[in-house]
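Let's take a walk through this protein together. Have the sequence and the 3D view ready, and follow along one piece at a time.

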Amino acid sequence: QVQLVESGGGLVQAGDSLRLSCVVSGRTFRSYDMGWFRQAPGKEREFVGASRWSSMMPYYGDSVKGRFTISRDDAEQTVYLQMDSLTPEDTAVYYCAAKDGNSYSYSTVRSPSQYTYWGQGTQVTVSS
């Protein structure tokens, strides 16, 4: 059984930074592509970014590109989401997710339906 546990959310002010963590237990971490998504009230789940264990570059959603950075520590089976220059529009529940490492195209990794395992989510609130 694969489990994903996010942490690091909270209440911050506009312009602040926050780092989310997602610890994965179960199958070999390196076999998964890891994604971050977010969902604000009344909105659809939005792709934030994705990472593969190899040297392949991460993908980012347009709304966070240049401000958010994904990294992963395969030894600790943890993926991180560093969020800088936060704005109130970044307020949402943030989820990490894992998918089998088959296709790593942008169209694949940005689709929530491609992911098999999901964390419980962590709330990020950015005040103006």
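## The open sheet

Four strands line up here: the 4 strands make an open sheet in the order β1-β3-β8-β7, with antiparallel pairing. At the edges sit β1 (3-7) and β7 (68-73), each of which pairs on one side only. From one strand to the next, the twist averages 15°. That angle comes from axes, which are lines fitted to C-alpha atoms (for helices over the stretch in contact), with angles running from 0 to 180 degrees between N-to-C directions.

A quick word on terms: strands (E, at least two residues) are DSSP runs, numbered from the N terminus, and two strands pair if DSSP finds at least two bridges between them. This is a predicted model, in which local features need pLDDT of at least 70 and side-chain atom pairs count only at pLDDT 80 or more, while totals for chains, interfaces and linings use all residues. Residues are numbered from 1 along each chain as its sequence is written, and side-chain values use heavy atoms, leaving out hydrogens and water.

## Strand β3 and its partners

β1 and β3 pair in the antiparallel sense over 5 bridges. Look for V5, which stands opposite V23 in β3, and for S7, whose bridge partner in β3 is S21. On to β8 (residues 78-83): 6 bridges join this strand to β3, again antiparallel. S21 turns up here too, standing opposite Y80 in β8.

Now find L18, which lies in β3 (residues 18-25). Is L18 buried or exposed? L18 counts as buried because its relative accessibility is 15% (buried means under 20% relative accessible area, exposed over 50%, partly exposed in between, with a 1.4 Å probe and protein chains only). Leaving aside neighbours within four places in sequence, L18 is in contact (heavy atoms within 4.5 Å) with several residues, including G9, V12, L81, M83 and V124.

## Salt bridges

The structure holds 7 salt bridges, each being a side-chain nitrogen of Lys or Arg within 4 Å of a carboxyl oxygen of Asp or Glu. One of them joins R52 to D33, with the closest N and O atoms 2.7 Å apart. R52 lies in the loop between β5 (46-51) and β6 (59-60) and D33 in β4 (residues 32-39), so this pair ties together parts that are 19 residues apart in sequence. R52 is buried at 14%, and D33 is buried at 1%.

D62 and K65 also form a salt bridge, their closest N and O atoms being 3.3 Å apart. Here D62 is exposed at 64%, and K65 is exposed at 52%.
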